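This report sets out selected local features of the structure shown below.

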Amino acid sequence: MSPRLKLRDIAFFERPVQFARPFRFGAVTINATPQLFVRAEIEVEDRGTAVGASAELLVPKWFDKRPELSPAQTVDSLRRSLQIARGLYLARGGFRTAFDLHAACIGAQVATCAKQNIPALAASYGPAEIDKAILDALLRAIRTSFFDGMAANIAGIDARLSPDLSERDIGAFLSGRMPLARVAIRHTVGLDDVVEGEGGVADPRENTGARYFKLKLSGDPAADAARLARIGKELDTLGRDYKVTLDANEQYADFAALQALMDRLDRDAALRPIATRLLYVEQPMPRDITLQSPLGKLAARGFIIDEADDSYDAFPAARALGYRGISSKSCKGVYKSIANATRAAKWSSEGGTFFVTAEDLTCQAGLAVQQDLALGAFIGVTHAERNGHHYVDGFGDTPSAEAQAFAAAHPDLYTDAGQGIRLSIHDGDLLTGSLHTAGFATAVHPDWSALRPLEQPLQEQLA
């Protein structure tokens, strides 16, 4: 039996994060954005109380890319998603499993957010972050690690939100997990990043020994092909084998434009370094067009959805259109990632190749990167996009004592080479050993007194 809990309180905080370099993807360039922190207090039946935490950037213009909305308005939508979720979660009385609490609230969350013009992907952000903090508290109360706790289904995950699966499917997947000891980083090359020379993609100070590269696309087939040719030429100077993925962040307006780029990859000799090492193409078209457009012959390339992953039904719907993969991001929901990984394993065992990838909205050093890394290592993702170490200077504006506490508790993940504490990357890999600690992949919490309360959304201020 999974332990039951009662939610006592949820509090939100934030901290500004300044980027060390601009990060341009899709139609947005980020130079700074707040990082959210969640503090959840629970009472576990017959175990007493515990406090858990989670963290994630409030990323503008990713969850909701509608052009009529400003970046600030899309961040406001995430804040409102959090507040709506808090009300729904706290309204559920009595003891229940962690997953039961999630399942009881997610439908009302999406519906309530829709009435406030918040799309489903942004609506899911609030529950995703609250669920992580609750899970951290539960694991602490039981005094077990994320890896051991999830293998025993401590959250009580069942098939009610994924009826294409059975309870046996989920239980077998969880109990059969062998968490990875190492996860390779996938180095992102943003649209404004340097390609050649010092600071370029082949500069070891920039790529930190990566063997995997994620290349952003603009949506212009000719411009993207030219840029990919330049990147491929540089990557061929690395002197080691490498693999690449492509990510358009919904910028390919239609199927014809996407087909034009794929034709170039098939025929252009200058693109051979990329084409022969390409693992998959991520979310090329807008989410609404995606779920109306079968891939046809393009399915052989290996396409995945990310922004179109806005519900428990998204992966089966995408599979029917020829997509073979889906991204795992803890900001989209830990439980949904596990359901999708279960699906990929089941479908692959029945024939074909289906997979889950690990993508990143610049998870920052500390809680965010550790929890997302642990999720990927648990479900078996061998390489993960990791942006935080590249676009932000270490722990950024985190107080020194807090950064040092994380480094002391997780010495295999962080190092101080004289320029402040940063991720410690070992031959292109991150190590997960110290994540085997009581709680959700963290032995320490942030300094709550150094954080400011979450800002009120502008719409609420006006009201």
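## Terms and basis of the model

A residue is called buried when its relative accessible area is under 20%, exposed when that area is over 50%, and partly exposed in between, with a 1.4 Å probe and protein chains only. By that definition His 187 is buried, because its relative accessibility is 3%.

This is a predicted model, in which local features need pLDDT of at least 70 and side-chain atom pairs count only at pLDDT 80 or more, while totals for chains, interfaces and linings use all residues. Residues are numbered from 1 along each chain as its sequence is written, and side-chain values use heavy atoms, with hydrogens and water left out.

## His 187 in strand S4

His 187 belongs to strand S4, which covers residues 182-189. Helices (H or I, at least four residues) and strands (E, at least two) are DSSP runs, numbered from the N terminus. Contact here means heavy atoms within 4.5 Å. Not counting residues up to four places away in sequence, His 187 touches Glu 206, Asn 207, Ala 210, Tyr 212, Phe 213, Lys 214 and His 390.

Asp 360 sits in the loop that runs between strand S10 (355-358) and helix H14 (367-379). With a relative accessible area of 3%, Asp 360 is buried. The side chain of Asp 360 takes part in polar contacts, that is, pairs of N or O atoms within 3.5 Å; within protein, one atom must be able to donate a hydrogen and the other to accept it, and residues adjacent in sequence count only if both atoms are side-chain atoms. The side chain of Asp 360 reaches the backbone nitrogen of Thr 362 at 2.8 Å. A polar atom of that side chain also lies 2.5 Å from the backbone nitrogen of Cys 363.

Apart from its neighbours within four places in sequence, Asp 360 is in contact with Lys 329, Glu 385, Arg 386, Asn 387 and Gly 388. Gly 388 is part of helix H15 (residues 388-391) and is buried, at 7% relative accessibility. Under the same exclusion of neighbours within four places, the contacts of Gly 388 are Asp 360, Thr 362, Cys 363 and Gln 364. Between Gly 388 and Glu 307 there are 81 residues of sequence separation and 20 Å in space, C-alpha to C-alpha.

## Ile 338 in helix H13

Ile 338 is located in helix H13 (residues 334-349) and counts as buried at 1% relative accessibility. Residues up to four places away in sequence being set aside, Ile 338 touches Met 150, Ile 157, Phe 173, Leu 174, Leu 375 and Ile 379. Ile 338 and Arg 205 are 133 residues apart in sequence, and their C-alpha atoms are 34 Å apart in space.

## Positive phi values in two loops

Asp 46 is not a glycine, yet it has a positive phi of about 65°. Asp 46 lies in the loop between strand S2 (28-44) and strand S3 (48-57), and at 80% relative accessibility it counts as exposed.

Glu 250, also a residue other than glycine, has a positive phi near 70°. Its place is in the loop between strand S6 (243-247) and helix H9 (255-267). At 8% relative accessibility, Glu 250 counts as buried.

## Packing of helix H1

Axes are lines fitted to C-alpha atoms, for helices over the stretch in contact, and angles run from 0 to 180 degrees between N-to-C directions. Helix H1 (residues 71-91) packs against helix H4 (residues 125-142) at an angle of about 55°, with their axes 7 Å apart. H1 is therefore oblique to H4; angles under 35 degrees count as roughly parallel, over 145 as roughly antiparallel, 65 to 115 as roughly perpendicular and the rest as oblique. The contact involves Leu 78, Ser 81, Leu 82, Ala 85, Arg 86 and Tyr 89 of H1, together with Tyr 125, Gly 126, Pro 127, Glu 129, Ile 130, Asp 131 and Ile 134 of H4.

H1 and helix H2 (residues 98-115) pack at an angle of about 135°, and their axes are 9 Å apart. This angle makes H1 oblique to H2 as well. From H1 the contact draws on Ser 81, Ile 84, Ala 85, Leu 88 and Tyr 89, and from H2 on Leu 101, His 102, Cys 105, Ala 108, Gln 109, Thr 112 and Cys 113.
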